[in-house]
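The sequence and the structure come first.

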Amino acid sequence: MLYSWSVGDLVKIKNRDWDAIADTYSTGVITEVATKEIDNQQFMFPLVSVYDFKLKKVNRVYPSNLEILSPIK
């Protein structure tokens, strides 16, 4: 199912550590959906900026690493 991400959506973030055996998960909220150029970079795949509550910072992640927990709408 395709989902139209919105700013404010609560999401579960899959963090892949290639040296670890299992993926780790954290929770965050979407702060920006990059559908155009950022810093003069054209992206092949959409990027979503998410504030990660565990790391306490904003990261850009691919939508394939996100699972919607609670939509804003």
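The model is a predicted one, in which local features need pLDDT of at least 70, side-chain atom pairs count only at pLDDT 80 or more, and totals for chains, interfaces and linings use all residues. Residues are numbered from 1 along each chain as its sequence is written, and side-chain values use heavy atoms, with hydrogens and water left out.

The structure holds 1 salt bridge, a term for a side-chain nitrogen of Lys or Arg within 4 Å of a carboxyl oxygen of Asp or Glu. Lys12 forms this salt bridge with Glu67, and the closest N and O atoms are 3.5 Å apart. Because Lys12 belongs to strand β1 (residues 10–15) and Glu67 to strand β5 (residues 66–70), the pair ties together parts that are 55 residues apart in sequence. Side chains of opposite charge can pair when their charged atoms come close. Glu67 counts as partly exposed, at 41% relative accessibility. The charged end of Lys12 also sits over the ring of Tyr25, 4.9 Å from the ring centre; the rule asks for NZ of Lys or CZ of Arg within 6 Å of the ring centre and within 35 degrees of the ring normal.

## Strand order and confidence

The secondary structure of the protein chain comes to 0 helices and 5 strands, where helices (H or I, at least four residues) and strands (E, at least two) are DSSP runs numbered from the N terminus. The elements run β-β-β-β-β from the N terminus on. Of the 73 residues of the protein chain, 25% count as buried. Among contacts with a separation of 6 or more, 42% are between residues 24 or more positions apart; a contact means heavy atoms within 4.5 Å.

The mean pLDDT of the protein chain is 84, and 85% of its residues reach 70 or more. This score is the predictor's confidence in each residue, from 0 to 100.

Strand β3 (residues 47–52) is mostly covered, with 5 of its 6 residues buried. β3 pairs with β2 in the antiparallel sense over 6 bridges; two strands pair if DSSP finds at least two bridges between them. Here Asp52 in β3 stands opposite Gly28. β3 also pairs with strand β4 (residues 57–61), again in the antiparallel sense, over 5 bridges. The bridge partner of Ser49 in β4 is Arg60. The hairpin of β3 and β4 has 4 residues between the strands, and in this hairpin Lys56 takes a positive phi near 60°.

Ala34 is placed in strand β2 (residues 24–34) and counts as buried at 8% relative accessibility. Apart from neighbours within four places in sequence, Ala34 is in contact with Pro46 and Leu47. Ala34 and Leu47 are 13 residues apart in sequence, and their C-alpha atoms are 5.3 Å apart in space.

## The aromatic pair

How many aromatic pairs are there? The count comes to 1 aromatic pair, under a rule by which rings of Phe, Tyr and Trp (its six-membered ring) pair if their centres lie within 6.5 Å, with planes under 30 degrees apart counted as stacked, over 60 as edge-to-face and the rest as tilted. The pair is Tyr51 and Phe53: their ring centres are 5.8 Å apart and the planes are at 70°, so the pair is edge-to-face. Tyr51 counts as partly exposed at 28% relative accessibility, and Phe53 counts as partly exposed at 42%.

Ser6 lies in the segment before β1 and is buried, with a relative accessible area of 12%. Leaving aside neighbours within four places in sequence, Ser6 is in contact with Ile30, Ile72 and Lys73.

Asn65 is found in the loop between β4 and β5. At 15% relative accessibility, Asn65 counts as buried. Beyond its neighbours within four places in sequence, Asn65 is in contact with Lys12, Ile13, Lys14 and Arg16.

Terms used: Buried < 20%, exposed > 50% of the residue type's maximum accessible area, 1.4 Å probe, protein only.
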